[in-house]
Amino acid sequence: MELSTIAQQLVNGIQSGAIYALIAVGYTMVYGILRMINFAHGEVYMVGALVAWLGTSRDWYGVVSHSSTGGLVLLIATAMLVCMTLGVLIERLAYRPLRHAPRLIVLITAIGMSFLLQNLALILFGADPKTVPLTWRTVQLGGISVSLGQLVLLIASLSFMAGLQLLVKRTQFGRAMRAVSEDFQAAALMGVPYDRVIVGTFAIGAALAGAGGAMTAIFVGAPVTPTFGFMPGVKAFVSAVLGGIGNIPGAVLGGLLLGVIEALVGGHPTLSPFRDAIAFCLLIAVLLFRPAGLLGRAVQEKV
Amino acid sequence: MSETILEVRDLHVAYGAIQALKGVSLTVQRGEITTIIGANGAGKSTLLRAISALVRPTRGVIRYETSDITRLPPHRIVQMGIIHVPEGRRIFAEMSVYENLLLGAYSQWGRDLDERLERVFAIFPRLKERLNQRAGTLSGGEQQMLAIGRALMARPRLLMLDEPSLGLAPFLVREIFQIIRQINQQGVPILLVEQNAHMALEIAHRGYVLETGRMVLTDTAANLLRNPAVREAYLGG
Ligand SMILES: Nc1ncnc2c1ncn2[C@@H]1O[C@H](COP(=O)(O)OP(=O)(O)O)[C@@H](O)[C@H]1O
Ligand SMILES: [Mg+2]
């Protein structure tokens, strides 16, 4: 590969990695407090993208002028709000009744929830790919071409992740979340309302996934289908495991790493067909050689 | 005239097929230290965990001041001022000492936070020195101090301590018991669970003896110290 190709693929990789990271933090936060994998999380991302398409594909009486900055901010915020509500509903309706059920049952429920949301999207909006009718100017930086959309997406994702880090490290809610994740009974003895922290965690994770979906539809122009969330969901899950499941900075690192590796392989003339297999190879390698992930501590089961 | 602030009546708790408590009753009087002594596995921790709603009783009533708290969730019980320092300390090892103390104040978030911190530092100066250290790196004694300091951040109106002396060197045990007495003298009623029966009865006003899920004896601490059966079973003759 030529140097300029590598540089170009690096930029593309960081962009898709930022999206993986936005989804991955949701997996990892929920795992941190409940020790479960919320497999419906990729579908939340899909719903975020659908909201973006809905918002831009019609006029909405001029309320949302989607070509304006304010309009796009409003649209992404709406997607986040819708997804947040969805995340809360999923927790309340599907997972909370199973709080004391065996893990396998929760796992199967999560997969069922994922299919349910895919099929709901299929029934409501059909299977044809939907593209947000916006295009972004491309700028040349050295030999690399970057669309303004990509740039905005990258900056916004990084800001979201910085915001999340502040929330987790500096606020009372963030401390409560970490306390529940470390020892939920001790957290209860501090007066931390366990159920509220769980709902809040789902809400935050879903809002970030929703932002990721909306931004992918708006800034990358990726066509939205009912299975739009499946692959990114799986890859974000791999990112979370790669970084160390339960570890938020780990999820961000894992996402960026996976994005970059995929893009580099994808840019290689002979290796490119194997692009989508990378994630799975990485997953197997991590599980075999470093099950705690890159930033995770040695895995400890909670009693 | 003493006044009952906590009353447990006919409490039954089971873990699956294991009956851990089989009809336990107890009262805690305002201003006093009440201790529960008993062998390993008697059900002491289970009793405290039931009061804190970490386990659900199958039968019985728990009353705190004028309200029935038997069915309340744990965080509501903490809000009412019943603060439980669990067996094994259970500090948040990944967090700093400061963050542990802030979590202690979770149920009583308010303006006087700094004041409460200063009061904790006055009792445990070592915590102030280690404020930004990861709590998991503290020594056992320091962790117990943090666990108690964290509880004090919640402005306890009833403090429950589960084996605070467990695993500590003798001089530290004396220090911890000294501090428990000091906290009590500031007006906080205490429910103290201990295997170290001698030390516990020394500082307590009233004691209960728990044997395999049943209260077998209750009396003033002074009388229990003199009781031949208690001396035989728990005080080494
Ligand atoms: N989580 C649990 N699951 C099953 N049995 C338990 C559990 N916790 C305690 N027990 C049992 O309940 C009884 C009382 O235990 P515990 O309250 O811890 O006693 P103590 O604090 O007096 O040592 C013991 O027989 C113990 O084995
Ligand atoms: Mg015990």
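Is Ser45(B) buried or exposed? I looked this up before anything else, in what is a predicted model. Ser45(B) has 19% relative accessibility, so it counts as buried. The cut-off for buried is under 20%.

**Entry: the magnesium ion**

I turned to the magnesium ion (ligand 2) and listed its protein donors. They are Ser45(B), through OG, and Glu87(B), through OE, lying 2.0 Å from the ion. I then checked where the pair sits in chain B. Ser45(B) belongs to helix α1, residues 44-51. Glu87(B) is in the loop between β6 (82-85) and α3 (97-104). The two are 42 residues apart, so the pair links distant parts of the chain. I also looked up the exposure of Glu87(B). At 35% relative accessibility, Glu87(B) counts as partly exposed.

**Entry: Arg49(B)**

I stayed in helix α1 of chain B, where Arg49(B) is found. Which residues does Arg49(B) touch, not counting those up to four places away in sequence? I noted Tyr15(B), Leu54(B), Val55(B) and His84(B), plus Gln185(A). With Gln185(A), the side chain of Arg49(B) makes a polar contact of 3.5 Å.

**Entry: Glu91(A)**

Last, I moved to chain A. Glu91(A) lies in helix α3, residues 69-95. I found 0% relative accessibility for Glu91(A), so it counts as buried. I set aside neighbours within four places in sequence but kept the other contacts of Glu91(A), among them Arg96(A), Pro97(A) and Arg99(A). Ile198(A), Val199(A) and Phe202(A) are also in contact with Glu91(A).

Methods. Residues numbered from 1 in each chain as written. Chains lettered and ligands numbered in written order. Predicted model: local features only at pLDDT ≥ 70, side-chain atom pairs only at ≥ 80, totals over all residues. Heavy atoms only, no water. Helix = DSSP H or I, 4+ residues; strand = E, 2+ residues; numbered from the N terminus. Buried < 20%, exposed > 50% of the residue type's maximum accessible area, 1.4 Å probe, protein only. Contact = heavy atoms within 4.5 Å. Donors = N, O, S within 2.8 Å, 3.2 Å for Na, K, Ca; no water. Polar contact = N/O pair within 3.5 Å; in protein donor to acceptor, adjacent residues only side chain to side chain.
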